[in-house]
Amino acid sequence: NRATLEQLADRYLDALVARDPGRLPLHADFRYSENGQTLQPGDGLWGTANARGGYQHSVVDSDAGTIGLTAVVQENDLPVIAGIRLAVKDGQIAEAEAVVSRTDILFYKNGPANLAAMGGPAPIWTEAVPPAERASRQELIALANAYFDTLERNDGSFIAPFEESCRRLDNGVYATQAPEFDAAGDPPFYGLGPAGQFALGYFAFVTRIRERRFPVIDVERGVIVSLPFLDHAGTIHEVKLTDGRTVPIGVKQPYSWQIFEMFKMRRGKIAQIEVVLNMVPYAMSSGW
């Protein structure tokens, strides 16, 4: 049930920062991966995490027995952001998959501190959707796929449905409705919502979105967790926006983002987005 799974998410983080997987009920067939690599229990982040970092956002799927959580973790006293998927079988943790963002890019440098200052997810994430308005598991997957279909080779068409107040939180930094990131005198981009950004067709350089998995679906709260890859082929060097401007694209080499992405859905629209991004070699697989 919800309470048991939420408690297990807490226990997992406590064991992680204690560097002691023996504290957890691990299934005999337990498997752990970190950033696409299969590791033994105790290796990777399990050997370097030393404290919780002041932010945790847990999503549970009682029907599937799965958990998705994002958290700030101190890694030898350096803050990182982790997206973690857990699968429970026979009351024990059978799978753990971590996407750990150690990406040191200027735009994301303050992400862990921003999340710690928030202290937890916005209240909208834990609000229950009224029973009469709840979407099915299939409908929630369709909404998330509409988002990815709009983003892939984005050309300004097929805009996924968004609430007007929707914001996207990337590695602890709001990348939509954030006008402070727009240069003075330039038309707004970061100050726009997700729909406005997509309508410009700017993200044409996202050439493929693959491995679209949706392992955690909370129908009661209208939340879904996905773990896709966003490929950037490095072949698109400028984009003509739908407003007539042509802008340069700085992607000169192929690479991919490994993504741990949460969506909050209400009344057939995307209401909020939270993402953990980890830069990985081009076309890398999750191994799952």
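Analyst: A cavity here is a set of points, on a 1 Å grid over the protein atoms alone, where a 1.4 Å probe fits but cannot get out. Grid points are joined across faces, edges and corners, and a volume is the space filled by probe spheres set on the points. This is a predicted model: local features need pLDDT of at least 70, side-chain atom pairs count only at pLDDT 80 or more, and totals for chains, interfaces and linings use all residues. Residues are numbered from 1 along each chain as its sequence is written, and side-chain values use heavy atoms, with hydrogens and water left out.

User: How many cavities of 30 Å³ or more are there?
Analyst: The structure holds 2 of them. The largest cavity has about 60 Å³ of space.

User: Which residues line the largest cavity?
Analyst: Lining residues have an atom within 4 Å of a point. Among them are Tyr55, Met118, Trp125, Tyr174 and Gln272. Strand 16 gives the most to this lining, with 3 residues. Strands (E, at least two residues) and helices (H or I, at least four) are DSSP runs, numbered from the N terminus.

User: OK, the sheet next. What is the strand order in the open sheet?
Analyst: The 6 strands are ordered 2-1-6-5-4-3, with mixed pairing. Two strands pair if DSSP finds at least two bridges between them. Strand 2 (37–39) and strand 3 (49–61) each have a single partner strand, so one side of each has no neighbour in the sheet.

User: How many bridges join strand 1 to strand 6?
Analyst: There are 5, and the two strands run parallel. Leu26 stands opposite Ile93 in strand 6.

User: What does helix 3 touch on the sheet?
Analyst: Helix 3 (residues 111–118) touches strand 3, strand 4 and strand 5, and its direction makes about 65° with that of strand 3. Contact means heavy atoms within 4.5 Å. Axes are lines fitted to C-alpha atoms, for helices over the stretch in contact, and angles run from 0 to 180 degrees between N-to-C directions.

User: Now the core. Which residues touch the most other members of the largest one?
Analyst: Tyr147, Phe263 and Ile270 do, in a nonpolar core of 38 residues. Such a core is a set of buried Ala, Val, Leu, Ile, Met, Phe, Trp, Tyr and Cys residues joined through side-chain atoms within 4.5 Å; buried means under 20% relative accessible area (1.4 Å probe, protein chains only).

User: Which helix supplies the largest share?
Analyst: Helix 4, with 7 residues.

How values were computed: Buried means under 20% relative accessible area, exposed over 50%, partly exposed in between (1.4 Å probe, protein chains only). On a 1 Å grid over the protein atoms alone, a cavity is a set of points where a 1.4 Å probe fits but cannot get out, and a pocket is an open set with protein on both sides within 12 Å along at least five of seven lines; lining residues have an atom within 4 Å of a point.
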